[in-house]
Amino acid sequence: MQRYRIEHSTTYSFDAAVWLNSHALRLRPREGHELRIESSRLRISPPATLRWHRDAENNSVAIATFNTMASSLTIESEVVLQQYQQEPFDFLLDPMALLFPFPYRAEEVLLLGPYRQQEDWNRQEPTLEHWLNSLYEPGERVQTFSLLERINNRIESSLRYAQRLDPGVQTPAQTLSCGSGSCRDFATLFMATARRLGLAARFVSGYLHDPIALPGSGSTHAWVEVYLPGAGWKGFDPTTGTLAGPDHFAVAVARRPEAVPPVAGSYRGQAGAGLSVGVWVSLLG
């Protein structure tokens, strides 16, 4: 078991005092048998009333409401985690899923339907189809895990990572055409490719600890989980070309990437606002 501290600071600066509408905060990591929250603290200025709930994906969401005007908004989250996942390759696939293509069981098909559904802009997209044909020949019998690793590694090795600060996500065709993208763009490309193959895939938003970076540094991050019978939802990180492991901390999952921003809200008042975000992930031992 290893312990980590994750600090996430978000500050909005407004041109004048504004009325703050409610904000949805997705900052608390998803707990499970591999990850436990030891302590959690959320500081908000101006003060807010918090109401917690679980959304349809079982993500933990805090709704912050305000009753005063403010010229700035600061949201600071600090979480200490206990991480028990040390071996991401320690899993077994159901024998029927060892080779691709394979059919999901009838009860899984109903539950996984939304995660296999292709977006409208992907169904007839020739750029994505050509990309997929370079990775997999229809009718080919291949080890399922090897095929997913092939996709993961191809994205990491053939596309250039670019930190994009502008909002939104590139379509897979845009990412392939320009040859670059952010982690959320790469995750979207992987997810679209997996769904084109008929696999269930979902977008993951969370944090990444880089063990070779400066101590305490970290970042928000995005990757993909694919549902594999016998193993469940397995994470693939096409930005690093690795499996999601002990340095990945999932906060929220969704069928579409735009559904799970860390902080989402609005305000009423004079237009114009600045944004500052900081993330620090520290290994405590």
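## Arg-5 and its salt bridge

Arg-5 counts as partly exposed, at 29% relative accessibility. The structure described here is a predicted model. The side chain of Arg-5 meets that of Glu-78 in a salt bridge, with 3.6 Å from N to O. The two residues belong to distant parts of the chain: Arg-5 is in strand 1 (residues 2–25) and Glu-78 in strand 5 (residues 69–83), 73 residues apart. Glu-78 is buried, because its relative accessible area is 17% and the limit for buried is under 20%.

Arg-5 and Glu-78 also belong to a network with Arg-41, joined by salt bridges that share partners.

## Other salt bridges

Side chains of opposite charge can pair when their charged atoms come close. In this model the count of salt bridges comes to ten. One of them joins the side chains of Glu-76 and Arg-43, at 3.3 Å from N to O. This pair, too, links distant parts of the chain, with Glu-76 in strand 5 and Arg-43 in strand 2 (residues 35–45), 33 residues apart. Glu-76 is partly exposed, with a relative accessible area of 29%, and Arg-43 is partly exposed at 34%.

Another salt bridge is formed by the side chains of Asp-94 and Arg-105, with an N to O distance of 2.7 Å. Asp-94 lies in the loop between strand 5 and strand 6 (99–100), and Arg-105 in the loop between strand 6 and helix 1 (106–116), so the pair ties together parts that are eleven residues apart in sequence. Asp-94 is buried, at 17% relative accessible area, whereas Arg-105 counts as partly exposed at 34% relative accessibility.

Five strands form an open sheet in the order 13-12-11-10-14, with antiparallel pairing. Strand 13 (242–243) and strand 14 (248–254) are the edge strands; each has a single partner strand, so one side of each has no neighbour in the sheet. Within the sheet, strand 10 and strand 11 pair in the antiparallel sense over eight bridges. Phe-203 has Val-224 in strand 11 as its bridge partner.

Helix 4 (residues 144–158) packs on this sheet and touches strand 11, strand 12 (232–237) and strand 13. The direction of helix 4 makes about 30 degrees with that of strand 12.

His-209 is placed in the loop between strand 10 (201–208) and strand 11 (219–228). Is His-209 buried or exposed? His-209 counts as buried, because its relative accessibility is 10%. Leaving aside residues up to four places away in sequence, His-209 touches Tyr-4, Asp-247, Phe-249, Val-281 and Leu-283.

## Helix 3 against helix 6

Helix 3 (residues 126–133) and helix 6 (residues 183–196) have axes that come within 11 Å and cross at roughly 75 degrees. Helix 3 is therefore roughly perpendicular to helix 6. On the side of helix 3, the contact is made by Leu-128, Glu-129, Trp-131 and Leu-132. Helix 6 contributes Leu-189, Ala-192, Thr-193 and Arg-196. The residues of this contact divide into five nonpolar, one polar and two charged.

How values were computed. Residues are numbered from 1 along each chain as its sequence is written. This is a predicted model: local features need pLDDT of at least 70, side-chain atom pairs count only at pLDDT 80 or more; totals for chains, interfaces and linings use all residues. Side-chain values use heavy atoms; hydrogens and water are left out. Axes are lines fitted to C-alpha atoms, for helices over the stretch in contact, and angles run from 0 to 180 degrees between N-to-C directions. Helices (H or I, at least four residues) and strands (E, at least two) are DSSP runs, numbered from the N terminus. Angles under 35 degrees count as roughly parallel, over 145 as roughly antiparallel, 65 to 115 as roughly perpendicular and the rest as oblique. Contact means heavy atoms within 4.5 Å. Ala, Val, Leu, Ile, Met, Phe, Trp, Tyr, Cys and Pro count as nonpolar, Asp, Glu, Lys and Arg as charged, and the others, Gly among them, as polar. Buried means under 20% relative accessible area, exposed over 50%, partly exposed in between (1.4 Å probe, protein chains only). Two strands pair if DSSP finds at least two bridges between them. A salt bridge is a side-chain nitrogen of Lys or Arg within 4 Å of a carboxyl oxygen of Asp or Glu.
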